[in-house]
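Open the model in your viewer and keep the sequence panel beside it. The tour below goes from stop to stop, saying what to select and what is there.

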Amino acid sequence: MDDGLRVTDRLVVPAAELRERFSRSSGPGGQGVNTADSRVELSFDVAGSPSVPEPLRARALDRLANRLVDGVLTVAASEHRAQLANREAARERMAALLREAVAPPPKPRRPTRPSRAAKERRLAEKKRRSQRKRDRRVDGD
């Protein structure tokens, strides 16, 4: 847990820039449910981090805009009963969010047209379908 958070091959968030808060978790826990602080909130200041390069920071701030509070990204984990498991889950969730946020934008789609053969197949199928329906009709005479 002492090492940094590996987001990509080139981007590693140092452990000093991550803040963890622990609190009581709701849900199962038996006798220890009222004493164990197993819920984990992991926070990372995306806007003020010196370890994130400027182009990646701008992209992350733009893509995570609705999840940030004053430039800080917070992830909570409380699905496990053990604090250590919740810490791992929070770190994995944080890494996945950051990985998606700093990923390069997808290549723009090049619009294409259907080929002549595809158009002919479509029209032939339409003719077959209309003929089939025409054959099902009951004539009035």
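**Before you start**

This is a predicted model, in which local features need pLDDT of at least 70 and side-chain atom pairs count only at pLDDT 80 or more, while totals for chains, interfaces and linings use all residues. Residues are numbered from 1 along each chain as its sequence is written, and side-chain values use heavy atoms, with hydrogens and water left out.

**Stop 1: colour by confidence**

Colour the chain by pLDDT (the predictor's confidence in each residue, from 0 to 100). The mean for the protein chain is 87, and 91% of its residues reach 70 or more. Helices (H or I, at least four residues) and strands (E, at least two) are DSSP runs, numbered from the N terminus.

**Stop 2: the sheet**

Select strands E3, E4, E6 and E5: they form an open sheet in that order, with antiparallel pairing. Two strands pair if DSSP finds at least two bridges between them. E3 and E5 stand at the edges, each with a single partner strand, so one side of each has no neighbour in the sheet.

Go across the sheet pair by pair:

- E3 and E4 are antiparallel and share six bridges; Leu18 stands opposite Phe44 in E4.
- E4 (residues 39–45) and E6 (residues 72–77) are also antiparallel, joined by six bridges; Ser43 has Thr74 in E6 as its bridge partner.
- E5 (residues 68–69) and E6 are antiparallel, joined by two bridges; the partner of Val69 in E6 is Val72.

Now zoom in on the hairpin of E5 and E6. Two residues lie between the strands, and Asp70 takes a positive phi near 55 degrees.

**Stop 3: Glu41**

Select Glu41, which sits in strand E4. Is Glu41 buried or exposed? At 18% relative accessibility, Glu41 counts as buried. Buried means under 20% relative accessible area, exposed over 50%, and partly exposed in between (1.4 Å probe, protein chains only).

Show the surroundings of Glu41 next. Leaving aside neighbours within four places in sequence, Glu41 is in contact with Arg19, Glu20, Arg21, Thr74, Val75 and Ala76. Contact means heavy atoms within 4.5 Å. The side chain of Glu41 also makes a polar contact with the side chain of Arg39, at 2.8 Å. A polar contact is a pair of N or O atoms within 3.5 Å; within protein, one must be able to donate a hydrogen and the other to accept it, and residues adjacent in sequence count only if both atoms are side-chain atoms.

**Stop 4: the charged pairs**

Side chains of opposite charge can pair when their charged atoms come close. A salt bridge here is a side-chain nitrogen of Lys or Arg within 4 Å of a carboxyl oxygen of Asp or Glu. How many salt bridges are there by this rule? The count comes to eight.

Select Arg87 and Glu20, a salt bridge whose closest N and O atoms are 2.8 Å apart. This pair links distant parts of the chain: Arg87 is in helix H2 and Glu20 in strand E3 (residues 18–23), 67 residues apart. Glu20 is partly exposed, with a relative accessible area of 26%.

Move along to Arg93 and Glu79, where the closest N and O atoms of the salt bridge are 2.7 Å apart. Arg93 lies in helix H2 and Glu79 in the loop between E6 and H2, 14 residues apart. Arg93, at 33% relative accessibility, counts as partly exposed, and so does Glu79, at 46%.

In helix H3, select Glu125 and Arg128, which lie three residues apart, about one turn of the helix. Their salt bridge has its closest N and O atoms 2.9 Å apart. Glu125 is partly exposed at 28%, and Arg128 is partly exposed at 48%. Elsewhere, salt bridges that share partners join Arg21, Arg39 and Glu41 into one network.

**Stop 5: Pro104**

Finish at Pro104, in the loop between helix H2 (83–102) and helix H3 (116–136). Pro104 is exposed, with a relative accessible area of 61%.
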